[in-house]
Amino acid sequence: MSTSTAPVVAAALRPGGWGFGVGILLSLAGVAVLGAAIAALLVLGVGVWGNNIPFVWGFDLIAYAWWIGIANAASLFAAVLVLRRHNLRTAVNRFAEAVALAAVLAAALYPILHLGRPWLFYWTIPYPATTGLWPQFGSPLVWDFWGIMAHVVVTSLFWFIGLIPDLATLRDRAATQGRRRLARAYGLAALGWRGSVVHWHRHQAAYRLVAALVLPLLLSAQTVVALEFAATLVPAWHEARLPVHLVVTGLPAGLGVVLAMAAVLRRALSLERIIDAVDMDLLARLLACAALASGAAYVHELVNGLLIADGAPREAFLARISGAGALSYWGAVVLGALLPQVLWRRDLRMKDWVVIPVGMLAAAGVWLDRWSLLVGGLLRDHLPVHAVPYVPTPAEWALLGGSAALFALVLLLFGRVIPVVAMFEIRHEETEAQALEEQR
Amino acid sequence: MSAPSPYGAIAEFGDADRMVAAIRHARAAGWSRMEAHAPHPVPEAAVALGAHAAPVGWIALASGLAGAAIAFGTQWYLSVHDYPLNVGGRPPQAWPVFLPAAYIVGVLWAAAAALLGMLWLNGLPRLHHPVFFARSIHRASQDRYFLHLLAEDPLFEPQAALVFLHSLSPLRASLVRAA
């Protein structure tokens with residue numbers, strides 16, 4: 001057994017400690033809350049939510065756009081690591097892929113649940129119905145069906161392709177320990193991988209190819225969400241810049257979550273040697289970069305919103321930044337764009353007590369941005385009907401908290417049964433490092 | 001009683017360079033049917049074995065284009081011929097609105113084809129393979145490297161193959177039974 005990957009295998013094969021048990025119990029309780037919130041929605045209808053005209057979308061689409069942003073940035077990070085693998089620890093990509101997958105699963109809940117009659121969600125699929133009708137292919141809502149479905153499938157494929165050889169390692173380790181049933185389970189999932197050099201060659205080609213295919217999908221996923229807003233006539237939403245805004249401002253959320261989770265994981269599973277200081281440094285600088293780009297998007301939004309000649313969008317934007325929506329708008333700017341700038345200082349970005357809160361607050365900032373767009377964007381509509389402000393109900397809070405618990409549960413289970421970092425990458429890097437040393 | 005004919009002869013090495021050198025020796029000695037096993041990608045070994053990864057890319061490209069064409073064609077046929085809807089006098093053949101779904105479905109097909117094509121070219125999934133009979137082959141997923149001369153090679157003769165493998169100074173060499 002290579003000594004360097006031993007802690008990774010051990011983390012997957014040893015019995016979980018009390019901390020893991022508590023984590024699983026807490027997230028299971030959260031998932032139970034999620035189940036209750038969904039049951040209430042299905043039985044009682046969307047009336048259990050606080051949205052009403054003009055606030056037709058509330059927590060549902062805020063959380064959807066937010067989770068997609070997290071999934072996107074995590075996938076982007078993982079794909080970039082796979083594609084440019086020179087002098088760079090690529091093992092963390094596995095864990096970023098798992099974050100992306102868990103986030104996309106949480107995101108996929110919302111577009112179905114918010115339909116009003118969620119059990120008829122299959123009406124967005126073009127199938128030969130007895131009515132003879134087809135979905136309206138010109139609608140961004142139908143594009144979104146393809147977008148979210150492709151996102152779920154391709155993210156899972158990306159994660160699984162990289163996982164096949166590591167599942168084979170776990171199969172062989174479990175068999176050596178005499179745990180035959182576990183070995184059989186891992187063996188089935190490893191699809192009979194036998195480490196053939198020719199297989200490796202094609203595997204690497206497929207892995208890089210899917211990593212490259214993730215990139216165009218990231219653009220389309222957030223873009224299609226943004227087009228759902230931009231295609232309406234709501235003054236604050238009917239903007240050509242909206243797709244770019246959602247793609248760019250979404251990045252700090254995912255990078256922040258990956259950074260905070262990496263800091264927690266390397267402590268909890270004692271993987272400091274594998275998720276090392278270089279990885280943390282890179283992640284922290286990427287988050288700072290993404291926040292800088294996000295800041296540029298806000299500057300453009302401000303200039304664009306204040307200089308626009310048309311009165312209706314200008315008033316709507318003013319209401320977002322100065323009226324009742326000011327807190328969420330400026331909260332998003334501070335948490336999502338300004339706060340991560342502290343990570344440019346090396347002494348600060350190497351400390352767990354800095355990166356964990358900064359990462360999570362960046363994610364919170366992006367959530368505030370989505371709130372500002374969805375709720376703040378409707379403060380000034382074309383009609384002067386604004387009797388009832390939007391206030392989320394307990395059912396919506398339960399749904400948001402429940403989806404976070406689902407995200408945590410999926411990640412905890414991943415961390416438990418499969419390697420959290422790519423073992424074959426670590427072995428590869430080791431042999432390359434040795435070869436370099438021998439050359440010197 | 002004669003021993004059943006083996007599946008091949010396998011040699012175990014402690015590092016990738018020795019395995020690559022062994023592959024090159026075997027190729028130079030005229031062996032043509034062989035497999036190598038390693039715990040991580042070894043590009044030089046793949047080159048020495050004459051492996052090509054390009055078919056994976058071609059399969060993905062062809063599937064992606066087919067997926068995009070089918071998605072675009074379906075939307076076009078259903079919106080223009082099967083059930084044209086007059087929405088404010090807009091033309092039913094508004095091709096730009098068919099592009100997002102065609103693009104997304106194309107990417108989806110290409111990614112799925114990359115995985116399935118890779119598995120198909122590799123002959124996976126399969127439940128068992130004779131190489132798993134080899135001693136310590138489980139370390140091919142951890143820290144050892146293997147060169148496997150297959151019995152289907154015209155040069156193959158069990159004792160001669162073993163002698164040849166031993167000449168490459170492996171950690172150990174042995175025959176692999178076929179069943």
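Domain bounds, as used here, come from an automatic or database domain assignment. For chain B, that assignment gives domain 1 (8–49 + 130–176) and domain 2 (54–122). The structure is a predicted model, in which local features need pLDDT of at least 70, side-chain atom pairs count only at pLDDT 80 or more, and totals for chains, interfaces and linings use all residues. Residues are numbered from 1 along each chain as its sequence is written, while chains are lettered from A and ligands numbered from 1 in the order in which they are written.

**Domains of chain B**

- The C-alpha centres of domain 1 of chain B and domain 2 of chain B are 44 Å apart.
- L150(B) and Y83(B) are separated by 67 residues in sequence and by 60 Å in space, C-alpha to C-alpha.

**Contact between the chains**

- Two residues are in contact if their C-beta atoms, placed from the backbone, lie within 7 Å.
- On this basis, 48 residues of chain A are in contact with 52 residues of chain B.
- The elements that give two or more residues to the side of chain A that touches chain B are α5 (140–176), α7 (197–230) and α15 (423–439) of chain A. Helices (H or I, at least four residues) and strands (E, at least two) are DSSP runs, numbered from the N terminus.
- α7(A) gives the largest share of that side of chain A, 17 residues.
- By class, the side of chain A that touches chain B holds 28 nonpolar, 16 polar and four charged residues. Ala, Val, Leu, Ile, Met, Phe, Trp, Tyr, Cys and Pro count as nonpolar, Asp, Glu, Lys and Arg as charged, and the others, Gly among them, as polar.

**Helix α5 of chain A**

- The expected span of a helix is 1.5 Å times one less than its number of residues. The 37 residues of α5(A) should therefore span 54 Å, and the end C-alpha atoms are 53 Å apart, which agrees.
- α5(A) bends by about 45° at I164(A), and a proline, P165(A), follows within four residues. The bend at a residue is the angle between axes fitted to the seven residues ending there and the seven starting there.
- A residue is buried if 20 or more other C-beta atoms lie within 10 Å of its own, exposed if 12 or fewer, and partly exposed in between, with C-beta atoms placed from the backbone. In α5(A), 28 of the 37 residues are buried, and the helix is mostly covered.
- G178(A), which follows α5(A), has a positive phi, near 80°.

**Nonpolar cores**

- A nonpolar core is a set of buried Ala, Val, Leu, Ile, Met, Phe, Trp, Tyr and Cys residues joined through C-beta atoms within 7 Å.
- The largest nonpolar core has 171 residues, of which V99(A), A103(A) and V210(A) touch the most other members.
- Helix α3 (residues 59–83) of chain A supplies the largest share of this core, 19 residues.
- Another core, of 36 residues, lies apart from it and includes V197(A), W200(A), A140(B) and L149(B).
- Beyond its neighbours within four places in sequence, V210(A) is in contact with residues of both chains: V154(A), L157(A), F158(A), I161(A), A111(B), A114(B) and L115(B).

**Backbone details in loops**

- I53(A) and P54(A) are joined by a cis peptide bond, with omega about 5°; P54(A) is in the loop between α2 (18–44) and α3 of chain A.
- A cis peptide bond also runs from L124(B) to P125(B), with omega near -5°; P125(B) is in the loop between α4 (95–122) and β3 (145–150) of chain B.
- S136(B), a residue other than glycine, has a positive phi near 60°. S136(B) counts as partly exposed because it has 14 C-beta neighbours inside 10 Å.
- S169(B), also a residue other than glycine, has a positive phi near 45°. S169(B) counts as exposed because it has 12 C-beta neighbours inside 10 Å.

**Selected buried residues**

- A422(A), in the loop between α14 (394–417) and α15 of chain A, is buried, with 29 other C-beta atoms within 10 Å. A422(A) and F95(A) are 327 residues apart in sequence and 8.3 Å apart in space, C-alpha to C-alpha.
- L150(B), in strand β3 of chain B, is buried, with 20 other C-beta atoms within 10 Å. Not counting residues up to four places away in sequence, L150(B) touches G8(B), R33(B), M34(B) and E35(B).
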